[in-house]
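Dear colleague,

I am handing over a structure that is new to you, and the notes on what was found in it follow directly below. Please read them with the model open beside you.

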Amino acid sequence: MLDDIVFEKAQADRIALSGQRPVSDAPVSEGVLLHASGIEVTFGGVKALAGVSFEVARGQVYAIIGPNGAGKTTLLNVVSGVYAPSSGQLTVRGVDLTRFGVKSRASLRVGRTFQSPTLFKGMTVLGNILVGRHSHMRAGLISCAAFWGPARTEERLQRRRAEEILKFLGLDALKDAQVDALPYGLQKRVELGRALALEPELLLLDEPMAGMTPGEKNEMVWLIRELNRSHGITVILIEHDMGVVMKISQRILVLDHGIRIAEGSAAEVASDPTVIAAYLGQD
């Protein structure tokens, strides 16, 4: 059982991300971070999402599940700005997200990983993490081009921050390795690190366990829990491994053919006849 896995002290030491404070100390009941109302997405004549509404409280691990083609990734793409909804409202901390594109959402502290790693091939592990730090760069164009004092100071600062993230992820020994030479599970961990480099308040994970071995899944579960509990990061994840979903999610949204069919705790969703029918079918 995942709850029974005991990690060694060396793994526990990874949570010491120097200088990073929890994003919010507020309990879940004190506020909503993301609010979605009546989200619709249409591709040609196909309605991928049909009026989906939900809320994610600060500090939650919130899962989105459903059969293949249910609209899960489409919904995550709306939140991350890849798709613009045909109608509906989406806000983070009360800010209307529909006014911001993909790049601008980084400034709103919304990070994202994908089902298949989308890393920069030919670059090192550390280089990929540093790419994620671009929104925190402050040195001007001229000083960066000439690599003058301000740019050198900032480069050292960003490199130190990236190395702290790699240490947390257990990748510090691989910082100079080429990402395309890494096993699939480690590549997914690098992509998580690049998302963390944005210092997100809201982290979107699209099937973070896909293609992983049982041991790699256990490690990823531990990382997600620590990011949520120790660093106050709110997580929205899509995941097909229901054992993982039921163990780490405080709230679960169930979609089927673009329609919200259930929402609730793990126990409520697991016993919902509509959810059972959508996944298993019924006579």
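Phe54 is buried, with 3% relative accessibility, where buried means under 20% relative accessible area, exposed over 50% and partly exposed in between, taken with a 1.4 Å probe and protein chains only. Please keep in mind that this is a predicted model, in which local features need pLDDT of at least 70, side-chain atom pairs count only at pLDDT 80 or more, and totals for chains, interfaces and linings use all residues. Residues are numbered from 1 along each chain as its sequence is written, and side-chain values use heavy atoms, with hydrogens and water left out.

Tyr62 is likewise buried, at 0% relative accessibility. Rings of Phe, Tyr and Trp (its six-membered ring) are paired if their centres lie within 6.5 Å, and planes under 30 degrees apart count as stacked, over 60 as edge-to-face and the rest as tilted. Three aromatic pairs are counted by this rule; one of them joins Phe54 and Tyr62, which are stacked at 5.6 Å centre to centre with 25° between the planes.

Turning to the strands (DSSP runs of E, at least two residues, numbered from the N terminus; two of them pair if DSSP finds at least two bridges between them), four form an open sheet in the order β2-β1-β4-β5, with antiparallel pairing. Its edges are β2 (46-57) and β5 (95-96), each of which pairs on one side only. Strand β1 (residues 32-43) runs antiparallel to β4 (residues 87-92), joined by five bridges, and Leu34 has Val92 in β4 as its bridge partner.

Ala57, which lies in strand β2, is buried at 10% relative accessibility. Between Ala57 and Leu34 there are 6.9 Å in space, C-alpha to C-alpha, although they are 23 residues apart in sequence.
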